[in-house]
Amino acid sequence: MQRRTFLKATALGGGVALGFDVSRAEAEMRALKIARTTETRSICPYCAVSCGVIIHTLGDKSKNVKPAVVHVEGDPDHPISRGSLCPKGATLRDDITHKNRLLHPKVRRPGSDHWEDISWDDAVSQIARHIKDTRDRTFVAKNAKGQVVNRTPGIAMIGGCTDTNEFNYLQWKVVTALGVPYRDTQARV
Amino acid sequence: MTTQNLEIRRSSASLWGEKTGMRHLPVVSKFIDTTTCIGCKACEVACQEWNDLEAVPTRQTGNYQTMPELDAEFWNLIRFNERDFDGGVVWLMRKDQCMHCEDPGCLAACPAPGAIVQYENGIVDVNPEACIGCGFCATGCPFNVPKFHAKTGKMAKCTLCVDRVTSGLEPACIKACPTGCLQFGTKDDMVALGHARVEQLKGNGFANAVLYDPPGVGGTGVVTVLGHGDHPEWYGLPADPHVPVGVRFWKSVLRPLGVVAMIGAVLGAIGHFMYQGPKEPRARDGEPPPPPGA
Amino acid sequence: MTNGWVDIKNADVILAMGGNPAENHPVGFKWFMEAKRNRNARLVVVDPRFTRTAAVADLYSPIRAGTDIAYLLGIIRYALENKRYHEDYVKLHTNAPLLVNPAFTFNDGLFSGFDPAKGEYAKDTWAYQLGGSFAKTDPTLQDPQCVFQLLKKHVERYTPEMVEKICGVPKETFLKVAEVVTSTGNPERAGTITYALGWTQHSTAVQIIRTGAMLQLLLGNVGRPGGGVNAFRGHSNIQGATDTAGTFEILPGYLKTPTGPWQSLKEYLDANTPKPLEAASMNYWQNTPKFMVSLLKAAYGKAATKENDFGYSWLPKVDGNYSWMYIFDDMYRGDTTRAGGKEPGPEALITFGMNPVGLGPNSKKMVAALAKQKWMVVVENVETETSIFWKAPKEYEGPPPSQVQTEVFLLPAADFAEKDGTFTNSARWLQWKWKALDPPGQAKADQEILARIFLAVRDLYQKEGGALPEQVTSVSWDYTSPASPDLGDVLKEMSGKALAEVHDPNDKTKVHTAGQQLDGFGQLMDDGTTMCGNWLHSGVYTEAGNNAQRRNNADPTGLGMFHNWAFSWPANRRIMYNRASADAEGKPWDAKRPGITWNGEKWVGDVPDMKPDAPPGTYGAFIMIPEGVARLYAPTFNDGPFPEHYEAVEAAVVNPLHPGVTSNPAFKKFTSDKDVYGTKEDFPIVCTTYRLTEHFHYWTQHQHQGLLNELQPGFFVEIPEGLAREKGIENGSKVKVTSARGQIQGVAMVTRRLYPLKVDGKEMWQIGFPIHWGFAGDPGHTGPLANMLTPSAMDPNTWTPEYKAFLVKLEKA
């Protein structure tokens, strides 16, 4: 007797009546969660391998949708990373969506022990005033040797590790415009 | 409604799956080469991220390993082991997860109809709708894999990303792996890859390199290259895993009789709940509970 | 990196030293494993710790932290002694034949020209012997004053026994490493060296890296596929930040920042346009005037005219050092001496995505310095230690909040996914990323935040005047949307465009009319008819479009070059110095791995690092160097033309080579009350700091319920088993680590992966801990700052802090 025939015979012989499942098993698998997400090509912000990542956002970018990141995965076309990621890259969704992100400009006033919310317009105009005051007060037109140096030693400006090239360039222009000599970046440390 | 996606080869506590015999799919397998694993844990979190699993609270206890054992929210775990070898030290890392046995002890042990299934392509999966959370599958598993999920009352383990595989994608852990120590393909291809790598290792001073694909469970859907094949225990692997005798007995002798077995299983499950409650996750090697907010 | 990430697959031997690439660059490390799998390459790891990289290495050697120069000079000596160097390459492509001034000497740890009072070298005795304007040479390498003979003499002391004595590595292990590494000293094989912060963060950092480069030159590995000297940068865009003048001493494209003495553009250009030192030197920096004038046109637009030196006088001029440790030293002291006179130090700090309290050495000094500021602007994703320095825990010894008069603005910035623009990877590829979604809440892209602040300041100067208002108002800000510049517009400006009709000097058929994007820096002019914000980036955005967006991953050479994927500076070249991949006739050393090849008419293969139609022999292979060849002897550095082993600033032993000169003589200690240094008597254990693959700097531990905090939940101290036994420390228990600057506590991780060392006959221990934690972060995932313990010590060339070797003591907590 073939195994299959035997099993059938056993089942017909009373399997159903005895509470033993003879129906075809159901197996509804989880649907592919990125089947209809929007894919955006990006570059991982962590180390300098610069792996290609695909950011999957909710919806199809139509007007009535607010995109939210539902998944980040490696870009298989990227010649260096070929779809793979390290644990940091594999959890980039956390980096974008976690609850400790700053959402509002804040200011801590002199002597205070807490933050206060401030509007963007107020923050920008107060910062601009500080910059001008400090620059005007500390500006060195000529050094001790009488050479024209046009610098503002009162301000230091440091730039980060995940600034785009374009931002770095704009920041250099602003540093140049303000005459800031104290200037450094993550690359040093 | 049944899925058209994958035929079921075997189903727990059932007389047959839904195999129609029409479709013939190649059996798939993961490949793990422990000699190129750097223990980066990308696989650990790629799995959690894909499967939308929550972070498990952990604390630093003097080890690189994320947690002592697998968890219902943590389906693959790199096991780190330091050993003295050849006048120096070796630091071994192996990705531990469901081995997707050809002859799955979990499925054999499971009393709930259709709760554990083996698809035609070899993937062994838990169907949460049918799972009753009794934990019998864990006793049937020679690798200590299925874990009880306290929130859902179900058992959980690696699905081999059956949702991805069915859609033509590789499992999330495989895709993420930076060094290529994880690969994915048909079982035949992965075994061939494994044998080729073992040969290369033997030429490079790993005289005892082996491909771990234990026959006691009919072979596994995760084949593993071990540099120190004479010491599978260095990697946290049993030397010769088998489906436990009790489970084997239940499956091969009692189950065809149907009646006795089914009643026994149901009673067993009820009894388990009545006297022990749902299965708890294994204690974390005597660790105190995690700090609040962790 | 001289080469690329994928190119590592072409190596036969990989020496990973001064870095832990499996930990810090796991995906780049893929190509190490490909080399092992497909070429049966040997991976050699030399590291104070048996790391994740060591776990998959073919050969591991321990080393005492900070003794890399001794180790590498030992390998160089081994190569010279056993003729395991690539002689034809050395004669053709290095300065081995050049003759050095007989006045150059090296005695008892000091090179000639040292001024003990200043702690500085005068470099004039280090010069070459000149015949006319060119250096004299001896092609036979026999002259005792030729670089080759001087090098042989210099490394004679670095015997395997001396390496064992200094580095604490058994001689047998060292010899095995030397043998494998020097197996590439021939045309048939190629080897690469990869390093990272384990080399750069020492008081001898530049000389360590130079020693690695010298070894690669002797082995003939520079410029070749599968070769090179490959620095793995630790962040997504510090390569770009350096290229784009993120540091005080350079303008975009590594042009020097003007100093007080260079009062006019002519003085600047005369001082910075080098003369060739060999007949065959292309001396590419002779184009400095074209790069500089085009940069000034980009910076000042129409305001830059020939008559006003293209605005040169508006550029701020520096006098002395304004780098990281000086910023916070001058801030802490309140003033500084510049050009012989007193000037104020910084009273304010603007920081975009930087966390100096976490990042800088000697955390207590950082907190104390920030507490003296009048105001500060922090632009960030999360609340960092820097933004809340005013409420740092008491062990940081800052004043209470009520006494901190600093006004702090904390502005929410967009994350990487919420803005577009380019990052430059370690292999110099500029890759565009597309924006996926808007920033959350009121967060804004950093370019918008910067632009709004700048425009508001400019408004104030236009309305009110003030100190030299033209410096502020003359900078061009000619963007379609000035308050939020389009980064494509900015990239166009950086890449460069014609301002009048421009004819390509090498190809008269190529004409660009005013407003058109140029093809590359070969078309830049020194008369104001072109503008270019960064000559190195020239060609990234041409009339054909934004090349950083290219996504064709075809690899016809099979060597992993990918010329149609993104854009690699300079000129889309994938391997730097690739002329050295070929012999005197222009034939590749290894036909299976050609870099470039002379086909009788032109160079083919990679984009040539050479004039494309210049036959072999016309120019030396190193076109940026006035000698035209690579330097085994470099008379330009601040601490000597040859590397020499010096102990860390906090020295664990007296230097066995010259007890009178233990540490780098060119390093100057800082002198404020916060700058204290420990001795080996009080702090007998060598300590190092590092990263983990599961975290990113002081960043990911902020992720609430983040998976990375699950993988590595908190701070720990790695302790060798023997030391733990000695101190009665159990794995998982609490320990205290103390340096001269502070104390931190953490969980002990007792391990066999830190070997006991025998240094100069004495047993010695090393410990280490990761850097990722601090007092800001998600509750439950805060911890001590590693930099609480690190010293105010640095390399005298790059001024990078010495985080990798300092002294501590260890106790049970």
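In chain A, residues 24 or more positions apart account for 33% of the contacts with a separation of 6 or more. The structure is a predicted model. Of the 189 residues of chain A, 56% count as buried. Its secondary structure comes to five helices and nine strands. Along the sequence, these elements of chain A follow the pattern α-β-β-β-α-α-β-β-α-β-β-β-α-β.

Strand β8 of chain A covers residues 155-159 and pairs with β9(A). The two run in the parallel sense, and four bridges join them. One of the paired positions links I158(A) to D184(A), its bridge partner in β9(A). Between the two strands the chain passes through helix α5 of chain A, residues 165-178. This β-α-β crossover is right-handed. Strand β9 of chain A spans residues 182-185. From this strand, Y182(A) and D184(A) point one way, while R183(A) and T185(A) point the other way. All four of these residues are buried.

The contact takes 106 residues from chain A and 142 residues from chain C. On the side of chain A that touches chain C, 53 residues are nonpolar, 31 are polar and 22 are charged. Strand pairing crosses between the two chains as well. Strand β4 of chain A, residues 106-108, is joined by three bridges to strand β18 of chain C, residues 407-412. These two strands run antiparallel. Within this pairing, K106(A) stands opposite L410(C) of β18(C). Strands of a sheet pair through backbone hydrogen bonds, in either a parallel or an antiparallel sense.

Chain C holds a further example of strand pairing. Three of its strands form an open sheet in the order β19-β20-β27, with antiparallel pairing. Strands β19 (421-424) and β27 (567-568) of chain C each have a single partner strand, so they stand at the edges and one side of each is left without a neighbour in the sheet. Strand β20 of chain C, residues 429-433, pairs with β19(C) over four bridges in the antiparallel sense. At one of the paired positions, T424(C) has L430(C) in β20(C) as its bridge partner.

The domain assignment of chain C gives domain 1 (6-98 + 156-231) and domain 2 (685-812). Taken over C-alpha atoms, the centres of these two domains of chain C are separated by 26 Å. Their contact takes 22 residues from domain 1 of chain C and 28 residues from domain 2 of chain C. On the domain 1 side, α1 (21-24), α9 (197-200) and α10 (205-218) of chain C each supply at least two residues. By class, that side of domain 1 of chain C has seven nonpolar, 10 polar and five charged residues.

The largest nonpolar core has 378 residues. Those with the most contacts inside this core are A42(B), A46(B), C110(B), I14(C), V44(C) and V147(C). V44(C) can be examined in detail. Leaving aside its neighbours within four places in sequence, V44(C) is in contact with V13(C), I14(C), L15(C), A57(C), D58(C), L59(C), V177(C), V180(C) and V181(C). A second, separate core has eight residues, including M282(C), I596(C), W603(C) and Y619(C).

Technical notes: Residues are numbered from 1 along each chain as its sequence is written. Chains are lettered from A and ligands numbered from 1 in the order in which they are written. This is a predicted model: local features need pLDDT of at least 70, side-chain atom pairs count only at pLDDT 80 or more; totals for chains, interfaces and linings use all residues. A nonpolar core is a set of buried Ala, Val, Leu, Ile, Met, Phe, Trp, Tyr and Cys residues joined through C-beta atoms within 7 Å. A residue is buried if 20 or more other C-beta atoms lie within 10 Å of its own, exposed if 12 or fewer, and partly exposed in between; C-beta atoms are placed from the backbone. Two residues are in contact if their C-beta atoms, placed from the backbone, lie within 7 Å. Ala, Val, Leu, Ile, Met, Phe, Trp, Tyr, Cys and Pro count as nonpolar, Asp, Glu, Lys and Arg as charged, and the others, Gly among them, as polar. Two strands pair if DSSP finds at least two bridges between them. Domain bounds come from an automatic or database domain assignment. A crossover is right-handed if, with the strands pointing away from the viewer, the path from the first strand over the helix to the second runs clockwise.
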